Amino acid sequence: MAAKSFKQMIKDGELRRADAMKARLEDLHEEPGFNLRAENEDLEQSIAELAEFIYQGGQVPPLEVRPREEGGMWVVDGHRRRRAYLKLDAEKRLPRDPKDKQAWIAITAFAGNDAERVLRVITSQEGRKLTQLELAEGYKRLVAFGWSNEQIAKKMGRTRQHVDQVMLIGNANTDVQRMVASGEVAATTAAKAVRQHGEKAGKVLGEKLKQVQAAGGSKVTPKTIREPQVPRALLDEMHKLCKSISDSFPSQVRAAIGEGAEVVTLTMKASQLEKLIDLVRSAEDSLATD
């Protein structure tokens, strides 16, 4: 059965239209699995705050909806607003029309395909930003519609690097995602760990978290997971010395190496060898004390 058009709903008295369309609250439905937001206490608190804002006279945009085959409308954008209206109605704090005793909610028609509906949810965010995991779920849905990371970045007005990082977290193992969701590690830090350690990222982050907690902290930071590094100046000096040694190789030695010789005899200055040993020791010391 095809869904009724908005024009037909207005004709049948299911919608009202003056300067804007209005629908009965009971006809506004949330499509199962469509909303990106995680169901948790934070979401419930934000809905309660939004409901109070509306009750105190705060202005919110109309809900964006599309026709529903079973009757009524699916909410495309405005899931928190709908729930705030339902909360106020349950508390008998939402005004009802004195004639028909119905709660009429301002709506606007959404125009777009299935992928564009997902994009609308991602870009709207109703004044409350999506978490990195919620955003990742939205991006993954767009990928399922055939969108590339470049297309997503362009539509979102973000960089390709941003999309890649969000997708990295969205596809990470559940132990990593659990730590991100709990706030024990920032998404950017988790993404760095996944790049460095792959499947073992969750284990590495978990061990780092134990160390942080033992020291009185509560969150893994970029500094916590930073791997020891040889200073760039030391690396540059080593490169310069190695190039100098390489350039001093006689042509016959180079030819022998090129032909696959397993053993060659070299003569080098003792000062060069001594300096190379010193640089290696300095590099080892920097890795041990970083």
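Biologist: Where is Asp27 in this predicted model?

Modeller: Asp27 sits in the loop between E2 and strand E3 (28-29).

Biologist: Why does Asp27 count as buried?

Modeller: Its relative accessibility is 13%. Buried means under 20%, so Asp27 counts as buried.

Biologist: Which residues is Asp27 in contact with, leaving aside neighbours within four places in sequence?

Modeller: Glu14, Gly72 and Met73.

Biologist: Met73 also belongs to the largest nonpolar core. Which residues have the most contacts inside that core?

Modeller: Leu15, Leu28, Leu63, Val65, Met73 and Ile107. The core has 23 residues. Several elements give two or more residues to it, including helix H1 (6-11), strand E2 (21-24), strand E4 (63-67) and strand E6 (104-109). H2 provides the largest share, five residues.

Biologist: What does Ile107 touch, not counting residues up to four places away in sequence?

Modeller: Leu15, Met21, Lys22, Ala23, Leu28, Pro62, Leu63, Val65 and Met73.

Biologist: What lies apart from this core?

Modeller: Another core, of 21 residues. Leu119, Leu135, Leu142 and Trp147 are among them.

Biologist: Leu135 is also part of the contact of H5 with H7. What makes H5 roughly perpendicular to H7?

Modeller: Helix H5 (residues 132-144) and helix H7 (residues 160-170) pack at an angle of about 100°, with axes 8 Å apart. Roughly perpendicular covers 65 to 115 degrees, so H5 is roughly perpendicular to H7.

Biologist: Which residues make the contact?

Modeller: From H5, Gln132, Leu133, Leu135, Ala136, Tyr139, Lys140 and Val143. From H7, His162, Val163, Gln165, Val166, Met167, Ile169 and Gly170. They divide into nine nonpolar, four polar and one charged.

Biologist: And why is H7 called roughly perpendicular to H9?

Modeller: H7 and helix H9 (residues 187-197) pack at about 75°, with their axes 9 Å apart. The range for that label is 65 to 115 degrees, so H7 is roughly perpendicular to H9.

Biologist: Which residues of H7 and H9 meet?

Modeller: Gln165, Leu168 and Ile169 in H7 meet Ala187, Thr188, Ala190, Ala191, Val194 and Arg195 in H9. This contact divides into six nonpolar, two polar and one charged.

Biologist: Which residues does UniProt list for "domain: ParB/Spo0J HTH"?

Modeller: The unreviewed entry lists residues 129-193. In the model, that span is 74% helix and 0% strand. Its end C-alpha atoms lie 24 Å apart.

Biologist: What does the annotation "domain: ParB-like N-terminal" cover?

Modeller: Residues 42-91, again from an unreviewed UniProt entry. This span is 52% helix and 20% strand, with its end C-alpha atoms 20 Å apart.

Biologist: What is phi of Lys92?

Modeller: Near 60°, a positive value in a residue other than glycine. Most residues other than glycine have a negative phi. Lys101 also has a positive phi, of about 60°.

Biologist: Where are Lys92 and Lys101?

Modeller: Lys92 lies in the loop between H3 and E6. Lys101 is placed in the loop between H3 and E6 too.

Biologist: How do you know whether Lys92 and Lys101 are buried or exposed?

Modeller: Exposed means over 50%. Lys92 has 76% relative accessibility, so Lys92 counts as exposed. Lys101 has a relative accessible area of 54%, so Lys101 is exposed.

Biologist: Why is Ile257 called partly exposed?

Modeller: Ile257 lies in helix H13 (residues 251-258). Its relative accessible area is 44%. Buried is under 20% and exposed over 50%, so Ile257 is partly exposed.

How values were computed:
Residues are numbered from 1 along each chain as its sequence is written. This is a predicted model: local features need pLDDT of at least 70, side-chain atom pairs count only at pLDDT 80 or more; totals for chains, interfaces and linings use all residues. Side-chain values use heavy atoms; hydrogens and water are left out. UniProt positions are given in the numbering used here, feature names are shortened, and annotations may be inferred rather than shown by experiment. Helices (H or I, at least four residues) and strands (E, at least two) are DSSP runs, numbered from the N terminus. Axes are lines fitted to C-alpha atoms, for helices over the stretch in contact, and angles run from 0 to 180 degrees between N-to-C directions. Angles under 35 degrees count as roughly parallel, over 145 as roughly antiparallel, 65 to 115 as roughly perpendicular and the rest as oblique. Contact means heavy atoms within 4.5 Å. Ala, Val, Leu, Ile, Met, Phe, Trp, Tyr, Cys and Pro count as nonpolar, Asp, Glu, Lys and Arg as charged, and the others, Gly among them, as polar. A nonpolar core is a set of buried Ala, Val, Leu, Ile, Met, Phe, Trp, Tyr and Cys residues joined through side-chain atoms within 4.5 Å. Buried means under 20% relative accessible area, exposed over 50%, partly exposed in between (1.4 Å probe, protein chains only).
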